[in-house]
Amino acid sequence: MLSILFAASEVFPFAKTGGLADVAYSLPRALGERHEVTVVMPLYRMVDQIRYRIEKRDGMTIVMGGTSYNISMYGCHFEGIEYLFVGTPLFGEREYLYGPPERGYEDNALRFGLFSYAITHLAAMLRSDIVHLNDWQTALAALLISREKTVCAKTVYTIHNLAYQGIFEASFLKSLGIEQRYFTQEGIEFYGKINLMKSGIGYADAVTTVSPTYAKEILTPVFGCGLDGFLKVHANKLTGIINGIDTSHFSPSTDLALYRPYKTPQGKKFNKQRYLSSVNLQSEDKPLFIFIGRFTWQKGVDMLIETLLMMAGDACNIAILGEGEAHYRTDIESQAERCDNVHCFFGYDEALAHRMYAAADFLLMPSVFEPCGLNQLIAMHYGTIPVVHSVGGLADTVSAYDSCDTARGCGVVFDSASSHEFMQAFEAALDLYARPKTCLQIAAHDMQVDVSWHNSAKRYENLYRTLSEEQVECT
Ligand code: ADP
């Protein structure tokens, strides 16, 4: 049994902006069946301390860049897992996790630098065998642990999205307590600035990303976000492990958010009827397409906007749930106003998302790039056929329905990120809908595909075991 400290900047159900929170909830639960897992995250203002019975624990003092910070620690035991929360006004007195839409807080280097120091302290205190770090917000801990001879833990660093690297002015080096010797191309320097993602890639004992295809893509200039060269240097410790979902949380047969739980695709009908009437959409005989996600270029929102009026001209209903960049919202809103078969909800609503997955016939996911993607996994598990751009994790999890392979789900797949191809895929989905028997077969297949953590948690365990068997130099 290994002692694993799993660190992430967001964890469902305490705080969530995207897929990282889902992974930080579900992977530790899968690992917790066989290992001692502690999850650590920041104590943000929106974390509901009463609901989750979060209690005060012994605090700690952290010296970072010559300044002393008093850290209050909190904890709770939730659904079999031990959670720790790092409390500081830098987290507790802010409205957002990372900053208002479209920009991060200016002191994010300090906020998450401090979080990384706290992770390092905890790794020493808990005598962790493995510290699993996620994304740029925890990446500095890989460097801190590598220079801290009293911490014996091995580090695994997972890249959930290479597009967000945590780049800050070099002037933060001092306040982060990082010596000049690390400010090199081999270290964390990046075009004269600090790049925290580089700390994770450069100093962790192993680096993973969230799908095998994305692991290959990020070694190329097109997907490498300026770090492809650096990643190539460290390619020998890079692997791609596909994400899973927690199939007890995302379970159409027990999901309390649904109008009526179901076990087969036929059971979706009632959920579709009720959902359509709840948002004033007519004609339940027409296919219902949904889009759920962050409004960013990555998610293919430009393609969605370019094609929305054309799609809405066909016999279908379209429902959109999301939030993000304001200009996208304005564009979507102005188009939706012109169509009585398009419904939009701007904001974040977990229960509504569940009801939409249950109600829909098709999920639209035209991502330009997609490290793994969870939406398509959730959709398939709810018997909703994905329409995807075959890239990154989407390519690893969805195969074209006319050459369906059993290891993956089946959906409508298009090869290049263009509005033209997206529109063709949408039309192929309409044709498919006109063949209800085939549609039911595909949906039934998708509901059976194993999208759980079963296999991927084992791959992480194998990695942890290999690392923990290596000799560690520590005092
Ligand atoms: P991301 O790149 O945003 O992390 P993923 O596909 O990995 O994308 O995960 C997205 C997760 O967030 C899924 O659980 C999805 O259902 C959920 N989600 C995204 N946007 C919203 C929203 N506006 N309301 C509710 N859930 C959302």
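Reader: Is Cys410 buried or exposed?

Author: Buried means under 20% relative accessible area, exposed over 50%, and partly exposed in between (1.4 Å probe, protein chains only). Cys410 is buried, at a relative accessible area of 1%. By contrast, Cys404 is partly exposed, at 34%. Bear in mind that this is a predicted model: local features need pLDDT of at least 70, side-chain atom pairs count only at pLDDT 80 or more, and totals for chains, interfaces and linings use all residues. Residues are numbered from 1 along each chain as its sequence is written, and side-chain values use heavy atoms, with hydrogens and water left out.

Reader: Which cysteines form a disulfide?

Author: A disulfide is a covalent bond between the sulfur atoms of two cysteines. Here the test is a pair of cysteine sulfur atoms within 2.5 Å. Cys404 and Cys410 pass, with their sulfur atoms 1.3 Å apart. Searching the whole structure gives one disulfide.

Reader: How is the protein chain divided into domains?

Author: Domain bounds come from an automatic or database domain assignment. In this chain, domain 1 covers 3-244 + 454-468, and domain 2 covers 265-448. Their C-alpha centres lie 32 Å apart.

Reader: How many residues of domain 1 are in contact with domain 2?

Author: Contact means heavy atoms within 4.5 Å. On that rule, 22 residues of domain 1 touch 21 residues of domain 2.

Reader: And what is the area buried between domain 1 and domain 2?

Author: Buried area is the accessible area (1.4 Å probe) that two parts lose on being put together, summed over both. For this pair it comes to about 1500 Å², and carbon and sulfur atoms give 61% of that.
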